[in-house]
Amino acid sequence: MTAQTPTLPAQLAALFARADELAAILDAPPSAAGVPRPEHPRPQLQRPAWLSLNGTWQFEIDQGDSGRERGLLERELAQTITVPFAPETEASGIGNRDFLNAVWYRRTVTIPADWDGLRPILRFEAVDHDTTVWADGVEVARHRGGFTPFAADLSSVPGVGPGSEVEIVVRARDPHDVPQARGKQSTWFHATHASYHRTTGIWQSVWLEGVPLDEIRSLRIVPSLGGRAFSLAAPLARTTGGTRLEVVASVPGGEEVARAEVRADLDLAPHLQLVIPEDKVRIWGPGAPELYSLTARLLDADGAVLDEVRSYAGLRATTLRDHEFRINGEKVFQRLVLDQGYWEETFMTSPADEAMTTDIRLALEAGFNGARLHQKVFEQRMLFWADLHGYLVWGEFGDWGISGHGPMGDNQQPTATFIGQWIEAVERDLSHPSIIGWCPLNETHQVRHDQLTQLDDVTQAMYDATKLADPSRPVLDASGYSHRVRGADIYDSHSYEQDVERFRVEQSGLADGTPWANRRELAPDEMPFADGTFSLPFAGQPYFVSEYGGIWWNEQEAREAQEAERAGNNAAESWGYGERVRSEEELYTRFEGLTRVLLEDPLMFGYCYTQMTDVFQEKNGVVDFDRGRKLDLARLRAVQEKPAAYEQD
């Protein structure tokens, strides 16, 4: 490991201090001391009445998925577990990495006595994969999907009210042999290649919220930089006569800058425009986390507050122009890093809030200005910290888990639930200024031919649904490989070519309209009416290489390999792309060569380097799995700070 004492550039030190300052203003105080992950799970929609339910729950593995028949709904469970950590992790106290077909949880919850007039809403941020929830034996929720939140209203359960106790039981089913959006979770017993250990059951925060009958269900915040305004929609639980919606914008911790009001008794989702005075405009951008505090109130006819939520927003714009993807009207080269979002002791769950800020700050220190948050829907807290750091993010879905369920040409079979789960993610996250683009699918490696397939249907539907839900951002139909939507906003490819000169030749076609696109070599007559292409032809869209690099390096392993005169290891023990470099110095040379090829292309709007951290057996991170300083981040930053040809006028 590289020994170094990092010297933080003054600009980054100021940015990090500003992020901490904003967090102190915009974030809610933790629910309670002594529980894991006590911070508010939903920073963009906060109410004062909430209670974390993380901590100790009863737990039992139900390997045969026969627990209902065996009475697990009614009886005490055999073990305890620490929520929100999955049972496969050491942090959960279970640490069972076998295939877990079903798991059960049980906990008695006391509704706060001062929640008079409030409905107790039980909220799950993410449970993998098919979940049923009971309260005092009454089924109150079902949800399919391992990445998105869902809720249960406990007020309809007999006897539940302020000061009462209610017994919560949760069953999560997680079969491993069916098409399912599972992201990087391995369908083999071992973690191997670029797939990691599995996650089953509760893996993000569980919490209770006190919500009034006249509820602001969400805030949909769309910035208009051209209009110096925010368009806000506030879907309501019900429409009550004489009500009004009021929204106030302030400088965080400071003066009010704008206020708007609209009748709330005519529309189920009242809309309003919050116009920012010209002298109060603060533009959110890369490295510039300029934000506004927002307070939304639902008022009755006498002006009394029926519901009040705190939020925040950033004024920024995305624009497509010929080959350009502009941010706030400027050509900003996107120097992105692939972030898998895994930790050794907690897997997909961040072990602490600070762990997410650490990843963002290490990436910024290495010269990246954003990330593809890859193959999972990250916690809302991660997007909160991205907003507070001016850190660019592509919102993605963990769609892996659909390969090999059909013959070649129909080998990827996403189901209709992919569309619903993805739109849940878009709906959850669309108000975050850090998200600059959407990408519902990744590496759908199925060749095109003369037949329409399930992959064609679902790809088109996910793209169309995304554009309908959020027309303000560009959408990439699938990252790498199989572009199946004609005229999609963005075009890209993945390339892990390690030889710099071959990489340069490979990427040279963009200038004449034939950029590198992923394909598969087919034998003659292997498949009728297929030529090995995964994608529709490039149509002149903005283009970037959204995965490259993946340079395989671990100093100790490289030394052992050289001593043993062998070049590689079992892919379940150590893995990376191409032939591993023989020294750290060779890594810097290769990184600079590959990166300069992309920086020097005036038609390329960005890249995404693989990857941020080592993850289990995958040894191609900028830092180690424990976030130790594997490489000299200043040297990587120096390469990336060189001007991109795309940014030149």
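Which residue in β14 is the bridge partner of P223? I looked it up, and the partner is F230.

**Ground rules.** I am reading a predicted model, where local features need pLDDT of at least 70, side-chain atom pairs count only at pLDDT 80 or more, and totals for chains, interfaces and linings use all residues. Residues are numbered from 1 along each chain as its sequence is written, and side-chain values use heavy atoms, with hydrogens and water left out.

**Whole protein.** I found nine helices and 28 strands. Both are DSSP runs numbered from the N terminus: helices are H or I with at least four residues, strands are E with at least two. Next I checked the radius of gyration, which is 25 Å; the globule rule gives 26 Å for 649 residues, so the protein is as compact as a globular protein of that length. That radius is taken over C-alpha atoms, and the rule is 2.2 Å times the number of residues to the power 0.38. The C-alpha trace spans about 70 × 65 × 60 Å along the principal axes.

I then looked at burial. Of the 649 residues, 61% count as buried. Buried means under 20% relative accessible area, exposed over 50%, and partly exposed in between, with a 1.4 Å probe and protein chains only. For contacts (heavy atoms within 4.5 Å), I kept those with a separation of 6 or more; residues 24 or more positions apart account for 73% of them.

I went back to β13 (residues 220-224) and β14 (229-233). They pair in the antiparallel sense over five bridges. Pairing requires at least two bridges found by DSSP. The two strands form a hairpin with four residues between them. In the turn, R228 has a positive phi of about 50°.

E215 sits in the loop between β12 (206-211) and β13. Is E215 buried or exposed? I noted 7% relative accessibility, so E215 counts as buried. Leaving out residues up to four places away in sequence, E215 touches R47, R119, R123, P235, L236, A237 and D307.

I found G242 in the loop between β14 and β15 (244-250). Its relative accessibility is 29%, so G242 counts as partly exposed. Which residues does G242 contact, leaving aside neighbours within four places in sequence? I listed D265, L299, D300 and A301. I also checked L266: G242 and L266 are 24 residues apart in sequence and 9.2 Å apart in space, C-alpha to C-alpha.
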